[in-house]
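Me: I would like to go through this model and ask, for each label put on it, what value stands behind the label.

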Amino acid sequence: MAMSFSPVRSFLQSKPNASLFALSASFRDSRCKGSDYVRIQSASSNASALASSSSYVRIQDNVGRFCCKEVEKKLMCKRVGVVRCATIEEIEAERAVVEKDVRERMERTIENVKTNFNSIRTGRASPSMLDRIEVEYYGTPVSLKSIAQITCPDASSLLVQPYDKSSLKLIEKAIVNSDLGVTPSNDGEVIRLTVPQPTADRRKELLKIVAKQTEEGRVALRNIRRDGVKAYEKLEKEKKLSEDNVKDLEADLKKVLDEYLKKLEDVYKQKEKELLKV
């Protein structure tokens with residue numbers, strides 16, 4: 001990543017309308033007590049000499065001599081504040097913190113989309129179909145897979161065996177109230193689920209649901225990237241990063257966003273393929 005840096009420096013900037021002289025100043029040790037050396041180039045001469053003391057300045061050139069007060073009338077100078085630029089190490093440290101947070105949140109977004117996709121049945125039984133089902137167990141909603149063992153004896157059925165048999169009715173009720181569209185069979189010991197093949201119309205509906213969830217994932221990823229940009233802009237306001245630094249770091253975040261958008265698209269294509277498979 002290309003960065004441009006300026007050294008820490010302070011300098012004197014002359015007033016724009018002072019056209020008689022072009023002033024360039026450098027601070028150096030002086031052997032003369034209480035005096036600074038300032039080199040002034042005349043607009044009409046290549047070289048001039050300035051000797052200064054605490055109360056008197058004499059300028060010698062091909063035009064003549066001027067006293068200090070006359071020079072001050074023609075040259076109005078002001079001191080510009082010290083400008084400090086971030087080092088490469090500081091920039092990399094800030095980038096690492098922000099990008100780590102962005103990547104972790106984007107990873108969770110992809111995982112959430114996958115979990116939502118797993119709950120959509122495709123005609124083939126899978127224990128992950130029940131991942132989103134919660135059961136009111138002793139007045140507290142808990143995940144079904146935390147209170148029961150879920151197995152897949154064949155390609156079209158699921159077997160739910162609770163650790164506590166008294167929860168069978170509660171599990172059955174939770175499955176019926178879910179959007180799985182599957183009727184559970186309770187034999188007093190286990191619950192069996194037969195996963196039917198979806199019709200053509202049902203497949204179209206499921207494709208729309210998958211497309212909607214994918215778009216929600218894209219929006220979430222873009223919002224995460226936007227939060228990362230805001231974090232960099234805040235650092236710029238705090239004078240920890242320059243405007244150019246922020247532009248470069250924003251470009252890096254765009255690459256991270258593109259990376260995760262591609263991951264999301266791959267997940268969507270895989271689910272779409274499963275739904276279209278008869």
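Me: What span should the 38 residues of α5 have at 1.5 Å a residue, and how far apart are its end C-alpha atoms?

Reply: In this predicted model, the 38 residues of α5 should span 56 Å at 1.5 Å a residue, and the end C-alpha atoms of the helix are 56 Å apart, so the two values agree. After α5 comes Lys239, which has a positive phi near 65 degrees.

Me: What do the corresponding values look like for α2?

Reply: Helix α2 covers residues 88–118, 31 residues in total, and its first and last C-alpha atoms are 44 Å apart, close to the 45 Å expected at 1.5 Å a residue.

Me: Why is Ile110 called buried?

Reply: Ile110, which has its place in helix α2, has a relative accessible area of 4%; because buried means under 20%, the label applies to Ile110. The other buried residues of α2 include Ile91, Val98, Glu99, Val102 and Met106, and the buried residues of this helix pack against α5 (200–237) and α6 (243–276).

Me: Which residues does Ile110 touch, leaving out those up to four places away in sequence?

Reply: Ile110 touches Leu221, Tyr260, Lys263, Leu264 and Val267, where contact requires heavy atoms within 4.5 Å. In the case of Val267, a separation of 157 residues in sequence goes with 8.4 Å from C-alpha to C-alpha.

Me: What makes a group of residues a nonpolar core, and which members of the largest one touch the most other members?

Reply: The members must be buried residues of a nonpolar set that includes Val, Leu, Met and Tyr, joined through side-chain atoms within 4.5 Å. The largest such core has 28 residues, of which Val102, Met106, Leu221, Tyr232 and Leu241 touch the most other members. Two or more residues of this core come from each of α2, α5 and α6, and α6 gives the largest share, 10 residues. Apart from this core lies another, of 20 residues, including Leu144, Ile150, Ile191 and Leu193.

Me: Which residues is Tyr232 in contact with, beyond its neighbours within four places in sequence?

Reply: Tyr232 is in contact with Glu94, Arg95, Val98, Glu99, Leu241, Val246, Leu249 and Leu253.

Me: How do you know that β7 and β8 are paired?

Reply: A pair needs at least two bridges, and 4 bridges join β7 (residues 134–137) to β8 (residues 140–143), so the two strands, which run antiparallel, count as paired. Glu134 stands opposite Ser143 in β8. The two strands form a hairpin with 2 residues between them, and Tyr138 in the turn has a positive phi of about 55 degrees.

Me: Why are β9 and β11 described as edge strands?

Reply: The open sheet has 4 strands in the order β9-β10-β12-β11, with antiparallel pairing. β9 (148–154) and β11 (184–186) each have a single partner strand, so one side of each is left without a neighbour in the sheet. Neighbouring strands of this sheet are turned by 25 degrees against each other on average, direction ignored.

Me: How many bridges join β9 to β10, and where does Ala148 find its bridge partner?

Reply: There are 5 bridges between β9 and β10 (residues 157–162), which run antiparallel, and the bridge partner of Ala148 is Pro162 in β10. Helix α4 (residues 168–177) lies across β9, β10, β11 and β12 (191–194), and runs at about 165 degrees to β11.

Note on methods: Residues are numbered from 1 along each chain as its sequence is written. This is a predicted model: local features need pLDDT of at least 70, side-chain atom pairs count only at pLDDT 80 or more; totals for chains, interfaces and linings use all residues. Side-chain values use heavy atoms; hydrogens and water are left out. The expected span of a helix is 1.5 Å times one less than its number of residues. Buried means under 20% relative accessible area, exposed over 50%, partly exposed in between (1.4 Å probe, protein chains only). Axes are lines fitted to C-alpha atoms, for helices over the stretch in contact, and angles run from 0 to 180 degrees between N-to-C directions.
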